[in-house]
Amino acid sequence: MEVIIRPDADQAAALTARLIAQEVRLRPNAVLGLATGRTMERVYNHLVRLHQTEGLSFRECRTFNLDEYIGLPPEHSGSFAYYMRRHFFSRVDLRPENAHLPNGLAADLPAECARYEALIRQSGGVDLQLLGIGPDGHIGFNEPLSALRSRTREKALTSSTRQANADAFGGDFQQVPCRAITMGVGTILEAKRCILLATGERKAAIVAQAVEGPITAMVSASALQLHPRCVVIVDEAAAAGLDGADYYRWLFEHEPEWEAFR
Ligand code: GLP
């Protein structure tokens, strides 16, 4: 795992977008794993800008989102399908048929989860997985105690997660669905590369646990310590609890790998 600390949320998101752009330029038919949440809005804005000003094209890409609420139609403004159309899909040249989310309205949910896993496999697997982190350490919707080898499945959401995501439901957490389909921790770990982005002081404590704490099913994001190619990008506020911050800053300034991104 590598940790990169950027001065503020916008620069952290800009670096994330540049790493995604690098992947897409290198591999125009890249399979991208995508995430939702407020943190990611800046990343999508940067990617749209790169599309408009530098001709970054997603025409041959395929995308798989991490998760979707159960019971919401894709037209519902709280659904992740709606979020993705609004912030990314409608603003770039990605083909609609290549953009995948779990179907939270499927009559047979276990079959839908198996179909989603199979589709990811058939596409050759995720090349680059974008991740946020929930206040309880979830990645996707892998709430505490999610098995570290879990696969795409239904998951009940904690009330803290429903509260954290209430903004998209008019601020009323009772309106946030109780269940979701999410890629499993094991599914996520199979991506060839992972980028976790976290910004703001409210993420500082959980970022420190995920990055420097023990690997534990209580903090799903800590499983990323097992991943051979995982970069955690944080702003200074979210880095506040990291013991190794000086070392991480030094590495970013000196490792040749990051020269083009400084
Ligand atoms: C939701 C998503 C997660 C995301 C999290 C963080 O819970 N399922 O994938 O990481 O939101 O959201 P925010 O960026 O709004 O803090």
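Student: Which residue is the bridge partner of Ala-198 in E10?

Tutor: Strands, labelled E, are DSSP runs of at least two residues, and helices, labelled H or I, are DSSP runs of at least four, numbered from the N terminus. Two strands pair if DSSP finds at least two bridges between them. Here Val-234 in E10 is the bridge partner of Ala-198. E9 and strand E10 (residues 230–235) pair in the parallel sense over five bridges.

Student: On what kind of model do these assignments rest?

Tutor: The model is predicted, so local features need pLDDT of at least 70 and side-chain atom pairs count only at pLDDT 80 or more, whereas totals for chains, interfaces and linings use all residues. Residues are numbered from 1 along each chain as its sequence is written, and side-chain values use heavy atoms, with hydrogens and water left out.

Student: Is strand E9 buried or exposed?

Tutor: Buried means under 20% relative accessible area, exposed means over 50%, and partly exposed lies in between (1.4 Å probe, protein chains only). Five of the five residues of strand E9 (residues 194–198) are buried, so the strand is largely enclosed by the rest of the structure. Cys-194, Leu-196 and Ala-198 point one way from E9, while Ile-195 and Leu-197 point the other way.

Student: Which strand runs parallel to E9 and is joined to it by three bridges?

Tutor: That strand is E6 (residues 128–131). Leu-130 stands opposite Ile-195, Leu-131 stands opposite Leu-196, and Gln-129 stands opposite Cys-194. Within E6, Leu-128 and Leu-130 point one way and Gln-129 and Leu-131 the other way, and all are buried. E6 is also joined by two bridges to strand E2 (residues 31–34), again in parallel, with Gly-33 as the bridge partner of Gln-129.

Student: What is the order of the strands in the open sheet of seven strands?

Tutor: The order is E1-E10-E9-E6-E2-E3-E5, with parallel pairing. Strand E1 (2–6) and strand E5 (99–100) stand at the edges with a single partner strand each, so one side of each is left without a neighbour in the sheet. H4 packs on this sheet, touching strand E3 (62–65) and E5, and its direction makes about 150° with that of E3. Contact means heavy atoms within 4.5 Å; axes are lines fitted to C-alpha atoms, for helices over the stretch in contact, and angles run from 0 to 180 degrees between N-to-C directions.

Student: How is the open sheet of three strands arranged?

Tutor: Its order is E4-E8-E7, and the pairing is antiparallel. E4 and strand E8 (residues 179–182) pair over three bridges, and Tyr-69 has Ala-180 as its bridge partner in E8. Helix H4 (residues 109–122) lies across E7 and E8, running at about 120° to E7.

Student: How does one read the charged side chains?

Tutor: Side chains of opposite charge can pair when their charged atoms come close. A salt bridge is a side-chain nitrogen of Lys or Arg within 4 Å of a carboxyl oxygen of Asp or Glu. The structure holds 15 salt bridges. In one of them, the side chains of Arg-27 and Asp-127 meet at 3.9 Å, N to O. This pair links distant parts of the chain: Arg-27 is in the loop between H1 and E2 and Asp-127 in the loop between H4 and E6, 100 residues apart. Arg-27 counts as partly exposed at 34% relative accessibility, whereas Asp-127 counts as buried at 8%.

Student: What is the nearest side chain of opposite charge to Lys-155?

Tutor: Lys and Arg count as positive and Asp and Glu as negative; His and the chain ends are not counted. For Lys-155, the nearest side chain of opposite charge is Glu-143, 8.0 Å away; Lys-155 is buried yet has no salt bridge. Lys-155 lies in strand E7 (residues 153–156).
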